[in-house]
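I set out to look up a helix contact and the surroundings of a few residues. My notes are kept in the order of the look-ups.

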Amino acid sequence: MQLTFFGAAGEVTGSCLRVQSGPVRFLVDCGMFQGASRGPDSAPVKNRAAWARDHGRLDFILLTHAHLDHCGLLPRFAHGPWRPPIYCTKPTADLVPVMLRDSAHVQQRDVHGSTRGRRSRPTDAPLYTREDVDRLALQLYGVPYDVQVQPHPAVTVTFRSAGHIVGAAFVEIVLREHGPRKTTERLLVVSGDLGEASPLIVRPRAALRRADVLVLESTYGDRNHRSLRETEDELVQVVDEVLHRRRGNLIVPAFALGRAQELLVLLYKLALTGRVRVPLVFVDSPLAQQAAGVTFAHLDALDADAAAFHAAFTRRPGARTPGLPFALRYTESVEDSMFLNSIRQGAVIIAASGMCDAGRIRHHLRHNLGRSECGVLFTGYQAAGTLGRRIVDGARSVHLFGETIPVRASVHTLGGLSAHAGQDALLDWVRGVPRPQATYVVHGEPEASHALSARLERELCWSPVVAQPGQAYEP
């Protein structure tokens, strides 16, 4: 067995693992890099290099979930002499085309913006188009959780709930290698992105039973999250302070898939019990609306709170089920989005992107970041080099649309809403299983990966390896 990490090694984004076992070669994930937009080590530069990489002939691809840092470069396999089948869970198969079509749209829009007033260059072209995504969609095979599938005679795969977002899975991969005297089997487990033990809206993560070789994420490998109760208390305090005491708006950068839906369900729970008063909630993201449609179409993958929210939101006149305890509006058109900038107080505005590097959230920051009565609430991971990271780190001003915008609004982070497991939760997931023959720590900035690795070594007597980008390992 040979494992080569082409992304999410030494950083959080760009997940891509190539596995070679005897004659079988496949990928687990093929995601986009996200972060800094300029410089030789920027996300666009790394994405173009990843797009051009020759992986040789692939027998198939396994996909853990539909976030772009795991699926964003899959359209490169929509063309060529062979088009490998892509296996994932059923919700992920429904979500991937939605996410990738939006990515193609954003790339096309960014090209028009960057080439305005100058001659275009070959590197300006978008990596893929919506037509490429439509072709790729034919290669997606949705598999139920906990059901074995055999994408190759020498490989058996099972997707288990990861408790991250709807459809997210960790993958159990049984590899059979035929020797001269006998056939050996080894179990490779790739964690993908793991959620907390009791995640918001999605079904709980499954237990890890064993692994001969383990690839483990470490996004928050150096810290823990607040409890859900503490997170609820903090959200109640922020909403009350910003909306009612200071009479401003609360701007929430949120990932369109996962975080936007989680925040709505949490606001629903708190408002239903009278803990928060939220006059107006706007979700200013067509992608979030589409993602919500797919998410709530898979109620079997969600918990009771998410199902109750969906029933309240879709309530018909005369139904016995109560409706939402606040006004919720999804905005679609640019005109609707621009109208939100005329609202001066009392609104929670949720918009993508979650790291503030693209999308409509940048316009809302432009109109509210400089107002001391307003607040900005971060609910997810902010990668190094992103606008969101600069704001969280205490920047006094930021540049938006050619203007210098002072940061006068209060800045809040709601760490307990993270869809990623904290350090203790990651340790709890692996604690008690037999020691793997090899463990590779990935999907984290160096400090986080090394901190988790140190605890695995100290407390479990494992010998983990912090994976390096481009490095091939033979466990």
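The entries below concern a predicted model.

**Entry 1: a helix pair.** I looked up helix 6 (residues 259-272) and helix 8 (residues 304-313), whose axes come within 10 Å and cross at roughly 80 degrees. Angles of 65 to 115 degrees count as roughly perpendicular, so helix 6 is roughly perpendicular to helix 8. I then listed the residues that make the contact. Helix 6 contributes L264, V265, Y268 and K269, while helix 8 contributes D305, A306, A308, F309 and A312. Sorted by class, the residues of this contact comprise 7 nonpolar, no polar and 2 charged.

**Entry 2: T89.** I located T89 in strand 5, which spans residues 86-89. Is T89 buried or exposed? I found a relative accessible area of 1% for T89; the cut-off for buried is under 20%, so T89 is buried. I next checked the side chain of T89 and found that it reaches the backbone oxygen of G167 at 2.7 Å. With neighbours within four places in sequence left aside, I recorded contacts of T89 with G142, V143, Y145, F159, G167 and A169.

**Entry 3: A454.** I placed A454 in helix 13, residues 446-460. How far apart in space are A454 and T231? I noted 28 Å from C-alpha to C-alpha, with a separation of 223 residues in sequence.

Note on methods:
Residues are numbered from 1 along each chain as its sequence is written. This is a predicted model: local features need pLDDT of at least 70, side-chain atom pairs count only at pLDDT 80 or more; totals for chains, interfaces and linings use all residues. Side-chain values use heavy atoms; hydrogens and water are left out. Axes are lines fitted to C-alpha atoms, for helices over the stretch in contact, and angles run from 0 to 180 degrees between N-to-C directions. Helices (H or I, at least four residues) and strands (E, at least two) are DSSP runs, numbered from the N terminus. Angles under 35 degrees count as roughly parallel, over 145 as roughly antiparallel, 65 to 115 as roughly perpendicular and the rest as oblique. Contact means heavy atoms within 4.5 Å. Ala, Val, Leu, Ile, Met, Phe, Trp, Tyr, Cys and Pro count as nonpolar, Asp, Glu, Lys and Arg as charged, and the others, Gly among them, as polar. Buried means under 20% relative accessible area, exposed over 50%, partly exposed in between (1.4 Å probe, protein chains only). A polar contact is a pair of N or O atoms within 3.5 Å; within protein, one must be able to donate a hydrogen and the other to accept it, and residues adjacent in sequence count only if both atoms are side-chain atoms.
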